[in-house]
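Here are my notebook entries from an afternoon with this model. Keep the viewer open and follow along with me.

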Amino acid sequence: MKPNYFRTRIKFCGVTRAGDVRLASELGVDAVGFVFAHQSRRRVEAEEARAMRSALAPFVDSVALFKDNTQEEVREIVRHMRPSLLQFHGSEDDAFCRGFGVPYLKAIAMGGDDESTLPLRARFPGAAGFLFDSHAPGGEGGSGETFDWARIPQDPGKPWLLAGGLSAANVFDAVVVTRPWGVDVSSGIELSPGIKDGDLMRRFVEEVRRADCHAL
Ligand SMILES: O=C(O)c1ccccc1N[C@@H]1O[C@H](COP(=O)(O)O)[C@@H](O)[C@H]1O
């Protein structure tokens, strides 16, 4: 049987403006993500992320997102920005991800075949949780595309977030059908990459809360 969480956690990812960070806090989201992946159109510098982090309200997590960044890059960003969580989207293994003294989420690429036969909890025993995203292994995230939710592993063994193509138009169904611990959104609350829209953000949160009431 699927869990019935009292409240689905919400993460807004790929912010590039302090005003969007402030509004996210006002709307009661649980975490805001800053992208440091090299190819991303939402990439920010450590200095910018640090400034935006100070716009966060208390009790809102700051997440630093990486995709195959070097150990030195991750270390520098952790030192500079002091994120409360790390999120890894590339081929990083558990030893790499846990090497920075900050809890981490491991993104699992759902857009292709997983070649590993080991369960996720055995591959990433140090992970605080998982994030199931639509990109193919090695591919770029933040595409705004969904994946077949039936492919989510039955019992990942840790808290997990659903990501990939979520928006106010589909997040109610996504939460009711999959019952994730949390949801993560980037494109679905944007006007253009990195530029969030206040109305889309507010409607997204409303739809998640509506689903939470429905699920109980
Ligand atoms: O947002 C990016 O540019 C990005 C780059 C590299 C890896 C992940 C990225 N974003 C993450 O992708 C998912 C889903 O995004 P979307 O809602 O489909 O646009 C989310 O976890 C973003 O944080």
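**Entry 1: Arg 179**

I began with Arg 179, which counts as partly exposed because it has 17 C-beta neighbours inside 10 Å. For this I call a residue buried if 20 or more other C-beta atoms lie within 10 Å of its own, exposed if 12 or fewer, and partly exposed in between, with C-beta atoms placed from the backbone. I found Arg 179 in the loop between H6 and S8. Its phi is positive, about 50°, although Arg 179 is not a glycine. I noted beside it that most residues other than glycine have a negative phi.

Two reminders on the source belong here. This is a predicted model, in which local features need pLDDT of at least 70 and side-chain atom pairs count only at pLDDT 80 or more, while totals for chains, interfaces and linings use all residues. Residues are numbered from 1 along each chain as its sequence is written.

My element names follow DSSP runs, numbered from the N terminus: helices are H or I with at least four residues, strands are E with at least two.

**Entry 2: the whole chain**

I counted seven helices and ten strands in the chain. The C-alpha trace spans about 45 × 40 × 30 Å along its principal axes. With 216 residues, a compact globule would have a radius of gyration near 17 Å, and the chain agrees with 16 Å. That radius is taken over C-alpha atoms, and the globule rule is 2.2 Å times the number of residues to the power 0.38. Buried residues make up 40% of the 216.

I also looked at contacts, meaning pairs whose C-beta atoms, placed from the backbone, lie within 7 Å. Among contacts between residues at least 6 apart in sequence, 61% join residues at least 24 apart.

**Entry 3: strand S6**

How many of the five residues of S6 are buried? Five of the five in S6 (residues 129-133) are, so the strand is largely enclosed by the rest of the structure. Gly 129, Leu 131 and Asp 133 point one way, and Phe 130 and Phe 132 point the other way.

Next I looked up the partners of S6, where two strands pair if DSSP finds at least two bridges between them. S5 (residues 104-109) pairs with S6 in the parallel sense over five bridges, and Lys 106 has Phe 130 as its bridge partner. S7 (residues 160-162) also runs parallel to S6, joined by three bridges, and there Leu 131 is partnered by Leu 161.

**Entry 4: strand S1**

Four of the five residues of S1 (residues 9-13) are buried, so I marked this strand as largely enclosed by the rest of the structure. S1 and S8 pair in the parallel sense over four bridges, with Phe 12 opposite Val 185. Three bridges join S1 to S2, again parallel, and Cys 13 stands opposite Gly 33 there.

**Entry 5: around the ligand**

Which residues come nearest to the ligand? Of the 26 around it, they are Cys 13, Ser 40, Gly 141, Gly 142 and Ser 187. I count a residue as near if its C-beta atom, placed from the backbone, lies within 6 Å. S2 (31-35), S6 and S8 (182-185) each supply at least two residues of this shell.

In H1 (residues 18-26) the buried residues are Asp 20, Val 21 and Ala 24. Seen down the axis of H1, they fall within an arc of 105°, so they line one face of the helix. The arc is that of the directions from the helix axis to the C-beta atoms. Gly 28 follows H1, with a positive phi near 85°.

In H6 (residues 171-178), Val 171, Ala 174 and Val 175 are buried. Down the axis of H6 the buried residues fall within an arc of 90°, so these too line one face. After H6 comes Arg 179, where I started.

Technical notes
Two residues are in contact if their C-beta atoms, placed from the backbone, lie within 7 Å.
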